[in-house]
Amino acid sequence: MWPYPKIVAHRGGGTLAPENTIAGLRAGLAYGFRAVEFDVMLSRDGIGMVVHDPDFGRTVAGQGSVAQTDAAALAGMDAGSWFGEAFRNEPVPFYTQFIDYCKAQRIWMNVEIKPADGFEAATGAWVAKVTRDSYSAELAAGDPARYPLLSSFSFDALAAARDTAPELPRGYLLDKIPADWQQQAEQLGAVAIHTNHKHLTPQLAARIKAAGYGLFCYTVNDPARGSEILAWGVDGFCTDRIDLIGPDF
Ligand code: G3P
Ligand code: MG
């Protein structure tokens, strides 16, 4: 049914480290997390980088955008000092660095394909290709618990991922679940619906589970709320509060 971990650290190490950095993965490990969600966007030269916002200013110091900056330059930018002086010059990671780190530490990945506007299909195809090539042995072994789950809010990105590497599982991210969710999920060959817990109801959760889909929520930071939605049949969720909600929650 749900072969993946139940509790997943959001954006690397949640709020315990700068988001989408190797320092975040390290923070997750320190709290016992071997399951992580993070975001991948293409640089100007078409390389997947781990970053959430299309524009600089919030987590990456400076002006400009990911889609108009080459990967080598992004890797030299400061994605840490916004969080704390101790993290100054923590770089924007290459997606392949995240793969290497997660493989070495046996961390399961939920890779959110986060395309900049206009790069939906290109980003989905790139992430799918690199992920498939990096996990060919795990895919051949046929044990889904050992390979990543791709997800995206972008239908076009997931469709491109499906066309590039159909063997990689896909979760369809929906903020509010629309009436035609199942039709869209079927078109994408999605194995799971990933949704905002704030808009989920027990009835909707039951319908999604009865239709045979995995059900994953973002981003649950209150333990009581986590228990509540798990009781509705939700399979798992990501959290920023890895200090409050542990991997064995
Ligand atoms: O993948 C779930 C969650 O990360 C979606 O929202 O904005 O944090 O990427 P966001
Ligand atoms: Mg995300």
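The magnesium ion (ligand 2) is coordinated by E37 (OE), D39 (OD) and E112 (OE) at 2.0 to 2.2 Å; donors are N, O and S atoms within 2.8 Å of the metal (3.2 Å for Na, K and Ca), and water is not among the atoms, so sites may look incomplete. This is a predicted model, in which local features need pLDDT of at least 70 and side-chain atom pairs pLDDT 80 or more, while totals for chains, interfaces and linings use all residues. Residues are numbered from 1 along each chain as written, ligands are numbered from 1 in the order written, and side-chain values use heavy atoms without hydrogens or water.

**Metal site**
- Along the chain, the donors of the magnesium ion follow the spacing E-x1-D-x72-E.
- D39 in strand β2 (residues 35-42) and E112 in strand β4 (residues 108-113) link distant parts of the chain, 73 residues apart; strands are DSSP runs (E, at least two residues), numbered from the N terminus.
- Both D39 and E112 are buried (under 20% relative accessible area, 1.4 Å probe, protein chains only).

**Surroundings of ligand 1**
- Around ligand 1 stand H10, R11, E37, D39, H52, E112, K114, F153, L173 and Y218, each with a heavy atom within 4 Å of the ligand.
- This shell comprises five charged, three nonpolar and two polar residues.

**Polar contacts of ligand 1**
- Polar side-chain atoms of R11 and E112 each lie 2.8 Å from an oxygen atom of ligand 1.
- For D39, the distance from a polar side-chain atom to a ligand 1 oxygen is 3.1 Å.
- Ligand 1 exposes 290 Å² when taken alone, and the protein buries 91% of that (Shrake-Rupley method, 1.4 Å probe).

How values were computed:
A polar contact is a pair of N or O atoms within 3.5 Å; within protein, one must be able to donate a hydrogen and the other to accept it, and residues adjacent in sequence count only if both atoms are side-chain atoms. Ala, Val, Leu, Ile, Met, Phe, Trp, Tyr, Cys and Pro count as nonpolar, Asp, Glu, Lys and Arg as charged, and the others, Gly among them, as polar. Helices (H or I, at least four residues) and strands (E, at least two) are DSSP runs, numbered from the N terminus. Buried means under 20% relative accessible area, exposed over 50%, partly exposed in between (1.4 Å probe, protein chains only).
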